[in-house]
Amino acid sequence: MSKYCFGIDVGGTTIKCALFLNDGTILDKWEVKTNTENGGERILPDIADGIDAKLKEKQINKAEVEGIGIGLPGPIEENGEIACAVNLHWGRKNIEKELGELTGMPVKAGNDANVAALGEMWKGGGKGARNLILATLGTGVGGGIIVNEKIVTGAHGAGGEIGHALVNPEETVACNCGNKGCLEQYASATGIAKLAREALEKSDKESLLRNREKVTAKDVFDAYKEKDELAGEIVEKFSTYLGHALAIFACVTDPDVIVIGGGVSKAGDVLVECVQRHYERHAFPVCKKTPIKLATLGNDAGIYGAAKLILSR
Ligand SMILES: [Zn+2]
């Protein structure tokens, strides 16, 4: 019986790698620089070399390893193919086959945002849940949906792209995806900064946010904690959009828990309280008490989720 597995989280600048015991204990963690030269041809070989070196160092036999789980920044299809990964300079590629051949071990690949959701379900803010929605509020809004402990991948690998759900049909500015009025335009760090700029322009209220070169999402929540009235209006607007959207998603998958992660979630409990209030207002009756929790794994959510991906394949 196998004892070990690897969890790999590939980003545009670094690749996070970890050797796990199958119970989720991390035995060792290391990072590899993401080499995107020549169409990213070294990325998978570099990962394989790192894994080989680690097996030698720890004197572990491949027969004792369940396999390798890997999260990647792009849509992953059911057969383990990635359609494209712009950040890695990759076109279509079968990750599971290629990395499997390089390492001689089974490989299971998933989209990084989805894999993070699996990690939070296994060892993080959603520990113990079988059904979960993760909303990652960073530069954009990513997400992952878990149903019966499985990632919802969908027909194009676009399952869990919650950041591009329409929340404002009146919007005139385009989102990165080309549509207008996506959740990402209001609930990401950049979206909150934009809400702040608009609020400051429209109102002449005194505010801690005034007379600054630039207002960030963190500034908004810091001012909100100081009971700044204008910051309160901005947070209210953000929470309305996010709470409303989460209530719709809950109608689709009825999660045990909703987890909020990403840089914006560092605002902490005050953020959760506001979002929960708006969520409750719109949620279907039996889903109203579904808890909203903060993610706890931070940047390690990807490696945990990748390990879980191979263990539960
Ligand atoms: Zn969009």
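## The largest nonpolar core

In this predicted model, the largest nonpolar core has 45 residues. Leu137, Leu183, Phe238, Leu242 and Tyr279 are the members with the most contacts inside this core.

Several elements give two or more residues to the core: strand 8 (132–137), strand 9 (141–147), helix 5, helix 6 (189–202), helix 7 (217–225), helix 8 (229–253), strand 11 (257–261) and helix 9 (269–282). Helix 8 provides the largest share, twelve residues.

## A separate core

Another core, of 30 residues, lies apart from the largest one. Its members include Ile15, Leu55, Ile76 and Leu99.

## The zinc site

A zinc ion is coordinated by the ND1 atom of His164 and the SG atoms of Cys175, Cys177 and Cys182, at 2.0 to 2.3 Å. The arrangement is tetrahedral because the four donor atoms subtend angles of 105 to 120° around the ion.

The donor residues follow the spacing H-x10-C-x1-C-x4-C in sequence. His164 and Cys175 both lie in the loop between strand 10 (150–151) and helix 5 (184–187), so this pair ties together parts that are eleven residues apart in sequence.

Cys175 is buried, because its relative accessible area of 8% is under the 20% cut-off.

Definitions and conventions. Residues are numbered from 1 along each chain as its sequence is written. This is a predicted model: local features need pLDDT of at least 70, side-chain atom pairs count only at pLDDT 80 or more; totals for chains, interfaces and linings use all residues. Side-chain values use heavy atoms; hydrogens and water are left out. Donors are N, O and S atoms within 2.8 Å of the metal (3.2 Å for Na, K and Ca); water is not among the atoms, so sites may look incomplete. Four donors count as tetrahedral if all angles lie between 85 and 135 degrees; four count as square planar and six as octahedral if opposite donors are over 155 degrees apart and all others between 65 and 115; anything else is irregular. Helices (H or I, at least four residues) and strands (E, at least two) are DSSP runs, numbered from the N terminus. Buried means under 20% relative accessible area, exposed over 50%, partly exposed in between (1.4 Å probe, protein chains only). A nonpolar core is a set of buried Ala, Val, Leu, Ile, Met, Phe, Trp, Tyr and Cys residues joined through side-chain atoms within 4.5 Å.
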